[in-house]
Amino acid sequence: MDKATEYLQAAQLRPVGEAALMVSFGNTIDPEILRCARALVTELEQHPFPGLLEFEASYTGVTIFYDPLVLARSSALPEDHRLSRGYREAAAKVKKLLDGIHFTAEKERARIRIPVCYGGDYGPDLQEVADYHHMTPEEVVKIHTGGDYLVYMIGFAPGFPYVGGLPPEIATPRKKTPRLVIPAGSVGIAGSQTGAYPLETPGGWQLIGRTPLVLFRPWDLDHPSLLQAGDRLEFYSITPKEYEAMAAKEKEGAGK
């Protein structure tokens, strides 16, 4: 039995309020747990049940939102004063979907290359990260661009990727005082994670660079987020001149 199947069989369901349930596959950041969450999301997409409203995947599971009245009306389950009929019906349907998941060998997805202009105005915290680890900025960039990265989830802001796989040599705590404004595209480090801000927002990550890629694309209704959970990433360094040229091209594409 592979690790993903073990996590799948150990899945825990519990209610979240009156109209949602959470499926948890574990409590650690693990690619095999992500595999379980992605498999359940696929099942929900392909086999939605009456009353299903939406679902969101996280690092360790999936939260499923439903209409309890729709589910209760269609339920043949007996009364149980401990849990609502709507929740029990939703849980029964989700368990059936979980039982239908069978893992096969996954074909490795192509890596998405993310250009980053490191340091200077684009990465104002690069020197701070380097000083924290008693390195040079160039060493931090070399390590960051050499990592093997996996997108675990999209959250915080539309299109914001939470990325695992940061080499531990450059893991750095968040800033003690968050910035009120961080430019879109800023690439940062927070603890053992790295990621990129898709929109101009507040934030406390250590900013080491910026990508010219537009990560959130609301005009693309089918794929508004450039990155998705399960994507493999690699970062590569570009010059300020290359950044400006790529940014101009991205802006031109956004206007079409």
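A polar contact is a pair of N or O atoms within 3.5 Å; within protein, one atom must be able to donate a hydrogen and the other to accept it, and residues adjacent in sequence count only if both atoms are side-chain atoms. The model examined here is predicted: local features need pLDDT of at least 70, side-chain atom pairs count only at pLDDT 80 or more, and totals for chains, interfaces and linings use all residues. Residues are numbered from 1 along each chain as its sequence is written, and side-chain values use heavy atoms, with hydrogens and water left out.

The side chain of His133 reaches the backbone oxygen of Ile170 at 3.4 Å. A polar atom of that side chain also lies 3.0 Å from the backbone oxygen of Ala171. Contact means heavy atoms within 4.5 Å. Not counting residues up to four places away in sequence, His133 touches Glu169, Ile170, Ala171 and Thr172. His133 is found in the loop between α5 and α6. Helices (H or I, at least four residues) and strands (E, at least two) are DSSP runs, numbered from the N terminus. His133 counts as buried, at 18% relative accessibility. Buried means under 20% relative accessible area, exposed over 50%, and partly exposed in between (1.4 Å probe, protein chains only).

His134 is found in the loop between α5 (126–132) and α6 (137–145). His134 counts as exposed, because its relative accessibility is 76%. Its phi is near 55°, a positive value in a residue other than glycine. Most residues other than glycine have a negative phi. Phe156 also has a positive phi, near 70°.

Aromatic residues form 11 pairs in the structure. Rings of Phe, Tyr and Trp (its six-membered ring) pair if their centres lie within 6.5 Å; planes under 30 degrees apart count as stacked, over 60 as edge-to-face and the rest as tilted. Phe156 and Tyr197 form an edge-to-face pair, 6.2 Å centre to centre with 90° between the planes. Phe156 lies in the loop between β6 (149–154) and β7 (161–164), and Tyr197 in the loop between β10 (193–196) and β11 (201–203), so the pair ties together parts that are 41 residues apart in sequence. Phe156 is exposed, at 53% relative accessibility. Tyr197 is buried, at 1%. Phe160 and Tyr162 form a tilted pair, 5.0 Å centre to centre with 55° between the planes. Both Phe160 and Tyr162 are buried. One aromatic cluster takes in Tyr59, Tyr152, Phe156, Phe160, Tyr162, Tyr197 and Trp205.

A charge sits over a ring if NZ of Lys or CZ of Arg is within 6 Å of the ring centre and within 35 degrees of the ring normal. The charged end of Arg113 sits over the ring of Tyr236, 4.0 Å from its centre.

A nonpolar core is a set of buried Ala, Val, Leu, Ile, Met, Phe, Trp, Tyr and Cys residues joined through side-chain atoms within 4.5 Å. The largest has 28 residues; Leu21, Val23, Phe25, Leu40, Leu44, Ile64 and Leu98 have the most contacts inside it. Two or more residues come from each of α1 (3–9), β2 (20–24), α2 (31–46), β4 (61–66) and α4 (85–99). Helix α2 gives the most, with seven residues. Leaving aside neighbours within four places in sequence, Leu98 is in contact with Leu8, Ala11, Leu13, Val23, Phe25 and Leu40. Another core, of 23 residues, lies apart from the largest one and includes Val129, Val163, Ile170 and Val187.
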